[in-house]
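Welcome, and please load the model in your viewer.

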Amino acid sequence: MSQWQRIQMLDKVHMDQIDLLYSEDTLPMEVRQYLAYWIEEQNWNQAIELGPSQASCLFHTMLSSLDDQIGRLALGEENNANMLLKHNLRRSKLHLSSKYQEHPQELAIAIEALLRQEKAILSEAFSASQASVDSPCDSPVPTSHQHKIEERLMEMHRTVQSLKCSIEQHDDLQDNFDFSFRTHNYLEKTCPASEPIRSKTIQNLQSMLNKLNHFRQEMLSQIHELLGRSATLRDLLLEEVLQWQVRQRLVCIGEKYDTSLGRLEEWFTKNAEILFQLLHLLMMLKGMYDKVTYHTDPLKDQLPLLVKRLQEQIICLLKSAFVVEVQPKMQVPNKRPLVLRTSHKFSVRARLLVKLLDRNKSPEVKIDIDRDATDLTGFRRFNILTSSTKTLMIHDPQKQGLVCDFKYITLKEQKISGTGKGNKGISEGSLPVTEELHIITFTLDYSYRGIECQLQTSTLPVVIISNANQISSAWASILWFIMLSRDTKDQLFFSKPPAATWAQLSTVLSWQFSAATEQGLDKHQLKMLGEKLCGPGVNSQSTITWDQFSKGATASSPEDNNFSFWTWIDGILLLIQEHLLQLWKKLIMGFVSRKHEKHLLKRKIAGTFLIRFSESTSSGGITFTWVDFNSDGSPKFNSVEPYTKKELQFLSLPDIIRDYQLFAIEAIPENPLLYLYPDTPRDEAFGSYYEERQKVSTTEQREYLNRRLIRVSTQPGETQMSDVNEPLPISKELVTDELQNTEHTMKNFLLDKEDPFLFQSNEEQQEPSSPFDIPQLRVDDPDFQCLLNLEGTYYDTPGNDIDDLLILYSKVEV
């Protein structure tokens, strides 16, 4: 952490001392702020001791750095927002130039004193607080790899600044030599000097030339060393980019990582600035070579090679700095990345991490699909609709950096006659649509300070579908590719897809749940899924083929279930997102086999139940199983027929559990669900999720009884075995449990066995649903009142026994 950064963390008392320190016009605070690292890196004591030459070099370097900072602000996206800051920096530069131009040593003395006083204030603050003034604990801790990048950038920056001072001194020496040499030649032609004077002049010129030659060799040596360090830094940056790309791929399939590019952009931009500054220095050397050269001039052979080597490093850096920041993604109907649908809009974004752009040019980025694909026989071909080019801009205040944002792009399949639909046609061995991988490519013609090159970057492979029912299969292909492929451009990956280990697949499956529901799968749930895929004895090295995952029935699937493992999982994910999101995090056990389910429940008290996902429903189903005990004490387990999205869109699962009724022979209907596993009372577990119900009013005049939906099952006969796995069927009934009127008509008891969610219109309610007309009932009928007590009636009051209701009907006169 720099000294200036530590100062900015001081408390108010010590910060006031800093303000007082910079209240004079010795050094403007904004200069201290923007050149903090450079100021602290220089040896100001040495500049004071060595005399004006070193101090003058540092002074002019400071002015040049201020020019660079002002130029970046003028070039950046904050062009208008920071007008005042640019004005202050220009004014500070003029102030320093007028104050220290003639006496640069005074600047060195002033800065050395300021730095010394800053250290004293920091030491005082440390003693007062008895605490470290290091970085805040919540700030991200850079890795050793990142420390190396930071240190190498600072080291290269110092070297380039020192090299710049050396070249300026070399320029002065060369001008002196050039002037002396031309003067000597002129005097030789006009009035030759005596031999002793001539010999001494030639000796002086030779000495100056030797110094000039030594300077040139020294500078070339420093540049060679600097380029070697630059190559090492480039490798470090490339490794960081590769790691970022790996993180981005994993984020696409559900992992949680930080994929921001701010730090990478800062590093790439600083490195590019250093390299372009070095290129400028080489051009200065070339100008000096053109002005003065000699027989053994080292610039003659080495300078062109250095320029070429540097240009190659700059181009390599630029190519690695062009990345896809946001992978292709539709907004509707699918929010998963890398799955696109023809005629549906999607967006994608590319970014250049080097924030250097020629203001006089507007480079354009062109987008193509399957640009370099030559061996994709049988693959469909697509055209990109809307504009396929965008201008790379830096001044957009809504975006950070050089960003090219393609929005609202659509794809249209090419129609080729004689080959059926699109290019799919009759090619033997062609892959299914959901296994075709297509790549979108960005191309940028970049130009800056004499460097011209073409940059390319590509998206991860995408799957292009034409129907919404292909989304699930397409996403399975994306998961399998990112999980197993090391070559991000292998479009023929699914011609022979490799197998995955259970360790790999289980991790990716857990990511799907954490991404969709913010809660992954625990080891017990993953064990159940592993056994479902691979059978008993599954371990981390068990292998799963692509067909086993996405096409064939699983090892534990019932014989009549022909859907794949992934179809089952994806249906459950959708069911959770739409109907069970809050319950999934705390109350749903989810993935548990029937065998393990019985093991868990058999030792619990009667009425204990757990909630799990159905294994027999492809589109996602959920059921609950409870334990009861026979007269001999043996446990028996009952599972209700699974609830799917169709039922849950009308009745929430908590309300189903609260109102669930089990009809038994010669017994009052009751709710057998008493305790959520392991021992939480039902209403305590689900009470906060129940729909609110109001107390019945017997005075309000309404024409009809109010009604609500509940789910019921019929108790199996006494001959049922305790280990029968068949779920109890749901009796699909609408039960009228509220009385709203003192005199009303009771019609359509709705003992409907076909559709429990059939809401009839007013015309339909005019006709009774039974073969006979249901008689009118009056509340003041004594027989009615003895069966139905109106006081304290609530929405959750259980309905009367059907037999009692039939007796009541028989007593009423028609």
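Two strands count as paired if DSSP finds at least two bridges between them. Helices (H or I, at least four residues) and strands (E, at least two) are DSSP runs, numbered from the N terminus. This is a predicted model, in which local features need pLDDT of at least 70 and side-chain atom pairs count only at pLDDT 80 or more, while totals for chains, interfaces and linings use all residues. Residues are numbered from 1 along each chain as its sequence is written, and side-chain values use heavy atoms, with hydrogens and water left out.

**Stop one: a strand pair.** Select strand 5, residues 382-385, together with strand 7, residues 402-413: the two run antiparallel and are joined by four bridges. Now pick Ile 384; its bridge partner in strand 7 is Leu 411. Phe 382 and Ile 384 make up the covered face of strand 5, whereas Asn 383 and Leu 385 are on the uncovered one.

**Stop two: aromatic pairs.** Rings of Phe, Tyr and Trp (its six-membered ring) pair if their centres lie within 6.5 Å; planes under 30 degrees apart count as stacked, over 60 as edge-to-face and the rest as tilted. How many aromatic pairs does the structure hold? There are 21. Among them, show Trp 480 and Trp 546, a tilted pair at 5.5 Å centre to centre with 50° between the planes. Trp 480 belongs to helix 13 (residues 471-484) and Trp 546 to helix 16 (residues 546-550), so this pair ties together parts 66 residues apart in sequence.

Next, select Phe 513 and Phe 591, an edge-to-face pair: 5.5 Å between centres and 90° between planes. Phe 513 sits in helix 14 (residues 502-517) and Phe 591 in the loop between helix 17 (565-584) and helix 18 (594-601), so the pair links parts 78 residues apart in sequence.

**Stop three: charges over rings.** Here the criterion is NZ of Lys or CZ of Arg within 6 Å of the ring centre and within 35 degrees of the ring normal. Lys 532 lies over the face of Trp 568, 4.6 Å from the ring centre. For Arg 658 over the face of Tyr 690, the distance is 4.7 Å.

**Last stop: a loop serine.** Finish on Ser 564, in the loop between helix 16 and helix 17. Its relative accessibility is 5%, so Ser 564 counts as buried.

Notes:
Buried < 20%, exposed > 50% of the residue type's maximum accessible area, 1.4 Å probe, protein only.
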